Every structure is written in structure tokens, then in C-alpha cells.
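This report covers a helix, a sheet and a loop residue. The structure is shown first.

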Amino acid sequence: MTGQLLIAGGRVIDPANGVDGKLDVLIEGGAVAAVGAALSAPGARRVDAHGCIVTPGFIDLHAHLREPGFEQKGTIATETLAALRGGFTTVCAMPNTMPAPDSAPVVAALLERIARDAVVRVLPIGCVTRRREGHELADLAELAAAGCIAFSDDGSPVADGRLMRNALALAGAVGLPISEHSDDPVLNGDGVMHEGRVSERLGLAGQPAAAEIAAIARNIALCETTGGRLHIAHVSTARSVELVADAKARGLAVTCEVTPSHLLLTEDAVFGPGPEPAYDTNARINPPLRTEADRRALLRGVNDGVIDAIATDHAPHAREDKLCEFDFAAPGISCFETALGSIGLVVSRGELDFARALAALTSGPVRVFGLAARVPGIGTLSVGARDVVVFDPEARWTVDVARFASKGKNSPLQGHGLCGEIRAVVAGGRLAFAPEAVHA
Ligand SMILES: [Zn+2]
């Protein structure tokens with residue numbers, strides 16, 4: 001039997017239950033047993049949470065763990081450790097692996113690896129199409145029965161509109177959402193960054209905002225036609241947020257997420273951190289970092305609740321994937337370990353509402369993927385909940401990618417000052433990470 005753990009003296013924020021106050025959290029038998037003022041638990045191990053926020057473990061709707069098939073970039077063991085250290089106790093794994101989870105046996109093999117190696121909860125997202133090739137639908141009912149919690153071909157959009165229509169209808173029939181990387185690959189052509197001022201200055205081929213906007217408009221129209229559930233992955237333009245707001249206002253089952261990278265950075269990150277304009281391949285990401293006006297619209301989207309979730313799109317890469325010309329660099333940012341600090345930084349500047357941001361990391365994702373029915377208490381501090389994060393919202397620190405637990409050291413934030421640092425994480429009822437906060 002697990003002993004008692006008392007997380008004492010912190011500010012408890014539990015968005016799902018409307019709790020915000022100076023309270024203690026008692027963990028007993030691997031789950032939250034009580035949340036209250038000045039709880040007494042003689043003999044319990046204590047986490048001193050003074051000056052800290054205590055909140056449900058973060059839930060990431062969008063991450064790339066790379067295993068199986070791309071273990072040189074990351075493994076379930078390394079990337080879930082990175083997630084844990086970033087405060088994420090539940091991670092939804094995107095299916096761009098080799099093999100891709102497009103059938104029940106592949107999902108079963110993936111779940112075996114997860115059971116063996118993961119240090120946080122990993123929920124698999126199944127493919128929309130066979131081998132993620134975009135030609136023929138996977139058996140979505142079979143994937144749902146095998147344990148997938150949503151469907152996506154992320155990394156690629158479902159470019160074929162007729163396939164997407166059928167996919168939304170079939171996914172809707174089994175009650176699961178499609179998380180769509182909404183993009184028009186033909187319009188993007190050879191683009192490698194946002195089409196605009198910076199791409200012109202650097203002579204790089206651009207990805208027009210219209211490629212994302214047009215795809216989102218199409219997907220919303222198909223959602224309306226089919227009655228399916230559409231989740232727009234990583235929105236990156238101002239107009240994308242408006243389209244989602246409009247769809248919601250019309251009562252459609254449309255949700256969306258934004259990455260911490262797009263809330264903090266703009267196309268200027270491609271210039272790199274130095275005084276001279278350069279080509280920072282670590283700032284290459286899909287969808288690309290956009291303009292300051294877009295970034296401000298994304299922040300507004302979280303602040304007013306149009307954006308349901310902050311999801312990392314954690315995408316570790318090997319060194320050689322980024323040590324090359326910009327045009328050939330693999331897109332993606334290693335993000336688990338900088339997510340909270342990035343969010344905290346924009347909060348500290350007064351750009352992002354703290355309570356909304358925490359909801360977008362906890363209760364929001366639960367609603368989007370309907371996780372409450374699968375994992376009791378997930379995204380809450382209700383009695384029985386098993387995941388708790390303690391972080392210091394004021395702590396300033398400097399990113400050093402060499403210290404990442406992730407195999408992916410690919411971050412444009414190297415050397416960047418961030419705000420907000422994880423102090424302790426209870427994952428699955430167990431104190432799994434606590435660099436210095438615990439007292440016997
Ligand atoms: Zn994507």
C-alpha cells in the first residue's frame with residue numbers, strides 16, 4: 001500500500017472543480033484522498049508547496065514519441081520522462097511511427113511497449129488512413145475497439161476531401177474525434193516557413209496562411225455535413241481562430257488546440273538568437289511560426305476560451321535532422337520541457353490569462369477527447385484523481401537543451417529565459433518527480 005503524501009501550503013487551482021485557494025492535497029493509496037485547508041496527516045511524506053501552484057497533471061493532446069520506428073529521435077522511455085519533467089502526466093501519442101497504428105495488432109503491440117516503458121499515461125491516437133498514406137481509410141471501428149482515443153494522420157493532412165468526409169462520419173459513429181493537421185499541401189508546395197516578411201528576406205519558400213485557413217474551412221464544412229467531431233490540431237493563424245469561433249457559435253462539434261511555441265514565438269525566430277539574421281533550423285515547424293498579429297490572436301483565443309487546449313506538438317529529432325540547410329531540416333520542436341516555462345513567460349508579460357492557460361492544460365483537453373469516461377478523475381483534483389503537478393510560477397530559468405531528458409535537443413529556445421518551473425509531479429498516484437521538494 002502506498003503511504004500518505006501531503007502536498008502542503010500551495011495555491012491549489014483545479015479548473016474543473018472551480019477551486020482556487022491556499023489548500024493542502026492529501027494523496028493516499030495512490031489517489032487524491034482530500035483537498036482542504038491545513039490538513040493533518042502525521043507521518044505522511046510532505047511536499048512543501050509554499051509559493052507554488054498545485055494543479056491537476058497536464059494533459060497533452062498532441063505529442064510525437066517516435067517509437068516504434070524512429071528510436072534515434074526518441075523512445076517511449078525517454079520522451080515520457082521528458083513529459084513527466086514538464087508536468088505532463090497524460091500524453092496522447094500521434095501515429096506517425098513505423099509501423100503506424102492503423103490496425104488492432106499494431107495498436108496492441110504499441111500498448112505493450114507503453115505498458116513496459118512509459119513513465120506517464122500514454123493514450124494512442126490511431127491513423128485515419130492505412131499506413132497514413134491518405135488513400136484508403138483505416139478500420140476506425142477496429143482501432144477504437146483496440147483502445148485508440150482519437151484518429152489523425154498528423155504530420156500530414158487528410159488531403160482528399162471525400163476521404164475526410166467518410167472519416168468524420170465513421171469516427172462520429174464510434175464517438176471519437178478526428179484531430180486534423182489542417183493544411184493544403186498543394187498550396188504549401190515547397191514552403192518551409194511562414195510566407196511573409198522573413199521568408200522574403202531570407203529567400204526561403206513560404207507556406208501561405210491561406211493553406212491552413214482553406215483546409216480548416218473545408219474541414220468545418222465536412223464536420224457540419226457529417227455530424228462528426230472535428231478537432232483542429234495546432235491552429236497558427238488569426239483567421240483559423242475566427243473560423244473555429246464561428247463554428248462553435250453555430251453549435252458544431254469543433255474544437256482546437258495551440259502549441260506553446262506558437263504562443264511565444266513568431267516567424268522572427270527563424271532569424272535565430274544572434275545579432276545577425278541566420279537560418280535557425282530549430283525554428284522550423286509545421287504549421288510554421290507566423291506573424292506577431294497571429295500570435296496575439298492565438299493568445300486571445302486561449303484567453304476567451306475559443307481555443308480549448310494547449311498541446312505541445314512535442315517533436316524530438318536527432319541532431320543530424322536539424323544540422324543541415326533550412327530547406328532539408330525536419331520540422332518540429334522538442335517541447336515537453338519548455339512548455340510550462342513558455343506559457344509562464346507569456347503569462348508574466350500579461351499576455352495570457354493564467355487560469356485559462358491552466359484550464360487549457362487540464363480540463364480543456366479532457367473535454368476535447370472525452371477522457372473523463374476512460375480515466376476517472378483525469379484533469380481534476382477530485383477524490384480518486386491520480387495526477388498532480390506542483391510548480392513555482394515565479395521561478396526564472398534558462399533553457400539548456402543538454403539537460404533535456406528528451407532525446408530531441410531541437411529547441412529554438414536554447415539560452416532563452418523562461419518563467420515557471422516544475423517542482424513535483426504525482427503520476428498515476430506515485431510521486432514520480434521531485435528534484436528537491438520532498439521531506440520525509
Ligand atoms: Zn501536425
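Which helices and strands do the buried residues of H8 pack against? They pack against helix H7 (209-226), strand E12 (230-232), strand E13 (254-258) and helix H10 (292-303).

## Basis

This is a predicted model, in which local features need pLDDT of at least 70 and side-chain atom pairs count only at pLDDT 80 or more, while totals for chains, interfaces and linings use all residues. Residues are numbered from 1 along each chain as its sequence is written. Helices (H or I, at least four residues) and strands (E, at least two) are DSSP runs, numbered from the N terminus.

## Helix H8

Ser-240, Val-241, Leu-243, Val-244 and Ala-247 are the buried residues of H8 (buried: 20 or more other C-beta atoms within 10 Å of its own; exposed: 12 or fewer; partly exposed: in between; C-beta atoms placed from the backbone). Seen down the axis of H8, they fall within an arc of 160°, so they line one face of the helix; the arc is that of the directions from the helix axis to the C-beta atoms. Gly-251, which follows H8, has a positive phi, near 85°.

## The sheet

Four strands form an open sheet in the order E9-E12-E13-E14, with parallel pairing (two strands pair if DSSP finds at least two bridges between them). Strands E9 (178-180) and E14 (309-310) stand at the edges, each with a single partner strand, so one side of each has no neighbour in the sheet.

## Gly-134

Gly-134 lies in the loop between strand E8 (121-124) and helix H3 (140-146). Gly-134 is partly exposed, with 18 other C-beta atoms within 10 Å.

Note on methods: Two residues are in contact if their C-beta atoms, placed from the backbone, lie within 7 Å.
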